[in-house]
Structure formats: C-alpha cells, structure tokens
Amino acid sequence: MNCRRPAVVLCVALLLPSAAGAQADVVLRWGGDAEGGAPYVEADPTDPSRVVGFDVEVAELLASALGRTPQFVQVGFTSIDAEAARRDFDIGLSGIEDSPARRARLAITLPYYEFREVLTVRAADANKYRSLADLRGHRVATLGATLAYDLLAASQARDGIIPVTYEDDVHPYSDLLLGRVDAVVLDAILANRGVRRNAGLVNQPSTLAVGHYVGILAADQTALRDRMNDVLRNAMRDGRLEAIFKRWNVWNQDQPRLYARVLGDASPYPVAASSLAASSDAARAMSESRTWQAAARYFPALLRAAVITIVLSCLSMGLAVVVGALIASGRVYGSAPLRLVLTSYVEIVRGTPLLLQLFVLYFGLAAVIQLPAFVAALIGLGLNYAAYESEIYRGALEAVPVGQLDAARTLGFSERQILRLIRAPQAFRLALAPMTNDFVALLKDSSLVSVITVVELTKQTSIFASNIGSWVVPGLMCAGMYLAMSLPLARVARRIERGWRHA
Amino acid sequence: MTVLDVRSLEVRRGARTIVSAVSFAAARGEIVALMGASGAGKSTILRAMAGLDPLSAGTISLPRPVAMVFQFHHLFANMTAHQNVWLALVHVFKRPHAESERRAQELLDALGVGHRATALPHELSGGEAQRVAIARALAIEPPVLLMDEPTASLDPARRGDLAATLRRLAAEGRTIIVATHDADFAGACAHRVLHVADGTIIPG
C-alpha cells in the first residue's frame, strides 16, 4: 500500500477554537475511531496528527462535493451512535454497520460498501470447524454490538456456541491462536487482516451473513443526508468510490452488484440493512412498539450478568482481604527488606490504572501463561484491591493502642497471640467501614473486566443498549441491579457495627 | 529474704539516657514505693523490670512472671472484664477453660468488681478498670507486682482502699513495687520509699 495518500485532515485538538467557530459553515466535522485502524481510519504512521484510511477518503469525497473542509473528530467506536445523535459531528464514518436500530434512531446514508461475515479458525481445525454448527460448546469471539455479535447470539440459541465479545479487532485473532477461543466471526476485511497478521489461522470460504457500511447522522439531518446520498450515487457511477476501495485493497465483485442495486432504487433504503435484519434481535426489538417488551426479553441476560458481577466481586474481595491482611502484617511486623518489597508493591499497584493491570495480566502475559478471562479478572481485581485493603489494615493495626500490646507482653503472650487475640480483632472493627466502602467500589470497578472479554452487568447493558438503540431503559435496569447488590451490603455492615457497639 | 535485685540499671533511648545507676533490692512481702515527679524515670524503671524496655547496662534479677498494672490500665478493649482476666491463663499458661474462668471470677469478686464481669472496658469507671487490671495481673500468680501511678484515676477514699488492698496482697507474700508521685499514698502503703529524680535514686 505504498500509494496511500495522507489525508489533509488535522485532529480537532490542533485547531484553534476561534478558527473552528469561524469556519462552522465550511467545515464538515466527521467522527471516527482511529483505534479501529487501517483500512478504515488510522493515525498516519509517518505523521500521527493525520488520519488515513478508506473512511477518511470517503469523508474527503463527501466534504469536497459539498464544498466543505473535512475535520476529523476522534470518538470511541462504542459511543459513536450516541455522539451522532448529540450532533458532536456532522457524520460518523468508521466501518459503521447498517442495522434496523440505527435506521430507527439516526439518519443513515446509502450503503457504500458491502461486507461478508466470515468464520476464522486455526488451520489445524479447518476440517473440524466448518460452520458455527460445528462449534457447539466452544467459545467464538467477535466485537460487541455488531452484526457478527447478532449472528453469534442467534447461533448461541440455535447451535449452543458461547459468544465472547472483545472491544477491539486485534485480540480475537491473537487469542484464537493461543486457544482461548476456537473461532472468530467478523467481517471479511477484519478477518483477512487477522489471518495476514497471525500465521496459522484460516478463513472458511462460506459466508455467514452480509452487511453494509453506512454513514450516520443525527435523525433530524435528513436534508444533509440526502445531499450526501447524491454525492455517493455520483461517486458510484463515476468510479471514485471504486478507486478509493482499490487503493485500500478491499475492492471486490460484491461492490458493483451493490452499486447496481443502490443506483436502481431511488429510496433512502435501497437494500436491507443486512441479511440477518429480518430475523435479528435488533429487528424484533424495533418492531416491538414498546421498549419494556425488549426489557423483559433482556432481563434474564442482565440477571445472569449481574450474577457474574456479584460472584466476581465477592471472590475478588475475598482474595483482596486475605492478600491485604498478609501485606499489612508484613509491613507492620516484617523485616526492613520485606517492608520495602511490600511498600513497593502497594505503591506500584495504587499508582497504575486497573485497566492497564488487567490488560497486562490477560494479554501481556499470554505468551507465558494463558489465564482464562474470569481467572485473570479475579486475580487482577483481587490483587489491585489487596493494595488498598492492606493500607486500611495497616492503619487499623497501628491505631490499636500500644499500651494494650505492652500489657499483653507483660502477661506473657507471644506476638502472634497478641495479633490474633487482641490486635487484629480491634483493627478489624476499625477497618469494617472503609472495607464496606471498598467493596461497593469494587462492585462497580468490576465493570472494567469487560475489556478482557468477561461479560458482566455493565457490558451486557451496553450490548442491550446498542441493540435497542437507547440507554434509558437498559441504564435504569442496570443501575437498579447495582443498587440491589450494594445497598444490602451497606446494611449488613451497619448491622455488624451496631452489634459490636451493643456487645 | 531478698527476691528482687536491681543493680546499676541504665536505660537509654537513642542518645538520651533516661535512667542510670539505679540499684535497689526488695524482700518477699515488701512494698517499695518509687517516689518522684513525672519524668523522673520511675515508669522507665518499671518497664525495664517488666521486660518492655531493653537495658543499656546493669542487671535485674527477679522471679518470673512479673505482672504490671499500668497507669491507664490498658485493658483489652475488645473483651469483657472477665475475659481480660482469664485470657492469659488459657492462652499463655494453658490452664483449662472452666478453671480459668472460675479463678478470674474469684479475683474480680475479691477486688469488689465481680458484678462488672460482663462489662466492656469502656463501660467501667476509672476505679473499676484499675481493679480489673489488678485482677488481670494477679491471675498469672506473679511473685512480683509492678504498679505505675495507681492513684492517678482514684478519688481520695479509693486511694485508702487501694493502699489496704496492696497491704493485703503483700501480706500474702507478694513483692510490690509502686511508682507514684503521691507522697501520702506512698506513706500509707509502702514499707520503704525510694526517691527518684533525674533518672536515678537519690538518698532520701
């Protein structure tokens, strides 16, 4: 791809605010996620302040035909719909899939690219796993909130596969190679890139579903959308779109057939959103007149995810309490070198983000030890919170009056007995309130483990929300479930404390 | 009969000498008062005898176990008065539970706080807490009892009671060393008074 042309687009952060205000009419603000990478949108390797990719060139095409200057706005892929609805940019372009939910909530452009969903497996399994039906009881990876995810959700019900969602399109393939999952379903562009980067993987020839990339605009922007549709039709006719896709090596014979159908139908929706659309969850969700019906359908899945959250939180807290108590004892009673080691551990763990620690545990260590996702999540949360717990316990141990310890020594107790009978019980009372606080915090921090493919309550809610295209009902249900878990906990802690006061 | 012998005791904390050249002895059944202003070094002498502070020089010979009653009692805050007394019997001296609890109750009764057995330390008055602390110290049957400022939390009437109690305990054969700044109390209970100033015993 040495013919790649750096787009003349600067990150919005580099523009002077005054200039942005003055150019409001002549600028076309378009949103995309540069983390998604080539060939869609990625930071130019030779100049990271610019972005390159076929979506970048589609944005340039639209802007120049409308007489505007394209201006890139970086957005997270998962929040791109919400930001389009809020008009944070004029149009979103980032390999965004057409779907019934998007059609219902946003104004979407004509489809400008057709893709196929394909199954990727390890070369050794090529004869064993030819289709999703061969993967009963096996873990199959994909990106959350995509057509591929809908496909896997349907296959979960039909074939008994286990869908595993990732936040990015690189780790599904590296984890497939490691054996953490047994197949990946994603669109052919991503699948071809995954196979190119990971020797030992192959794409199965059959097509699991067909979908389309579209641009998304706020629902009231139909006039601008219609002008953009005219631009796209012209670019299909005169070969400018073809040139872009050829430049990025993603042109194939599906595209002229798509263009023929689009050009032969003047309506805004000349083709179905996807081959799944008629039967997909999303389609059913949209056909239902009331969101609460969708909520009732999602309730069991949310409940299951809530169980994952509470089980993970309880086990992690258990680990944190045990390890935290050991660290605290070591820091109070240990030798100077031991204290130094433990203090360093606490400072390093507290001083770096939990998210980074989870990435390192799950992906970073994968070459050495392949922890299952749940185990990595448990260890990551447990060891992180152990650092905080140890500080609470250390403070609590040191708050027990020294005089009581001296009194115990004169009576002949060993230091170990003093800790067990006198110091630790009193320290535990002092530590209970901050521990309760930490447990509630951990319950919520457990949502971070979705980055290493554990589907807990927040992740399930986000899948639910993107499928029905709204956060209101899913958000309320999710909040209700978190409160249902954390409020009783605070109550139990208060009851224990009251019990002590009256003991 | 001398049971307790302190010779040329010196205690330093860092570069500071807290106590030096302290020598004295005590006989079985004797009450010795260490009299002096606060900061004179009385408590440090007691702590060294109890094994809580290391000696920089000198020797201390006395029969073990040594029990100590602290100025602020230092009862175990997470336990009842009764538990405070029997805990060491069970866990240090490995006596049977039932026997230890019975002995603890006898001691509390003898000191007039038997009715407070189930109270937690923070529910006790200063005088009650002190008597529980004495019971806790006596439970391990120490030949030597050390007391640090025992009158600090007592009203004058209670001071008289305490003096009588110490006399009774000494009559049973215990040697008692009392650190106090209260001359009346020292006069009322001690067989012998030693004056402490600037970290040493001065001829009185």
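In this predicted model, helix 2 of chain B packs against helix 3 (residues 97-110) of chain B at an angle of about 130°, and the two axes lie 8 Å apart. Angles over 145 degrees would count as roughly antiparallel and those of 65 to 115 as roughly perpendicular, with the rest oblique; helix 2 of chain B is therefore oblique to helix 3 of chain B. The crossing of helix 2 of chain B past helix 3 of chain B is right-handed.

Helix 2 of chain B contributes Ala81(B), His82(B), Val85(B), Trp86(B), Leu89(B) and Val90(B) to this contact. From helix 3 of chain B come His97(B), Ser100(B), Glu101(B), Arg103(B), Ala104(B), Gln105(B), Leu107(B) and Leu108(B). By class, eight residues of the contact between helix 2 of chain B and helix 3 of chain B are nonpolar, four are polar and two are charged.

**The interface between the chains**

The contact between the chains draws 17 residues from chain B and 15 residues from chain A. On the side of chain B that touches chain A, the elements giving two or more residues are strand 5 (66-69) and helix 2 (81-91) of chain B. That side of chain B comprises 14 nonpolar and three polar residues, with no charged residue.

The class composition of the two contact sets is as follows.

| Helix 2 of chain B with helix 3 of chain B | eight residues | four residues | two residues |

Strand 1 (residues 2-13) of chain B runs antiparallel to strand 2 of chain B and is joined to strand 2 by eight bridges. Within this part of the sheet, Val6(B) stands opposite Phe24(B) of strand 2 of chain B.

**Chain A as a whole**

Chain A has 503 residues, 44% of them buried. Its secondary structure amounts to 19 helices and 13 strands. Along the principal axes, the C-alpha atoms of chain A occupy a box of roughly 95 × 60 × 50 Å. Of the contacts in chain A with a separation of 6 or more, 75% are between residues 24 or more positions apart.

Conventions
Residues are numbered from 1 along each chain as its sequence is written. Chains are lettered from A and ligands numbered from 1 in the order in which they are written. This is a predicted model: local features need pLDDT of at least 70, side-chain atom pairs count only at pLDDT 80 or more; totals for chains, interfaces and linings use all residues. Helices (H or I, at least four residues) and strands (E, at least two) are DSSP runs, numbered from the N terminus. A residue is buried if 20 or more other C-beta atoms lie within 10 Å of its own, exposed if 12 or fewer, and partly exposed in between; C-beta atoms are placed from the backbone. Two residues are in contact if their C-beta atoms, placed from the backbone, lie within 7 Å. Ala, Val, Leu, Ile, Met, Phe, Trp, Tyr, Cys and Pro count as nonpolar, Asp, Glu, Lys and Arg as charged, and the others, Gly among them, as polar. Two strands pair if DSSP finds at least two bridges between them. Axes are lines fitted to C-alpha atoms, for helices over the stretch in contact, and angles run from 0 to 180 degrees between N-to-C directions. Angles under 35 degrees count as roughly parallel, over 145 as roughly antiparallel, 65 to 115 as roughly perpendicular and the rest as oblique. A crossing is left-handed if the near helix is turned anticlockwise from the far one by less than a right angle, and right-handed if clockwise.
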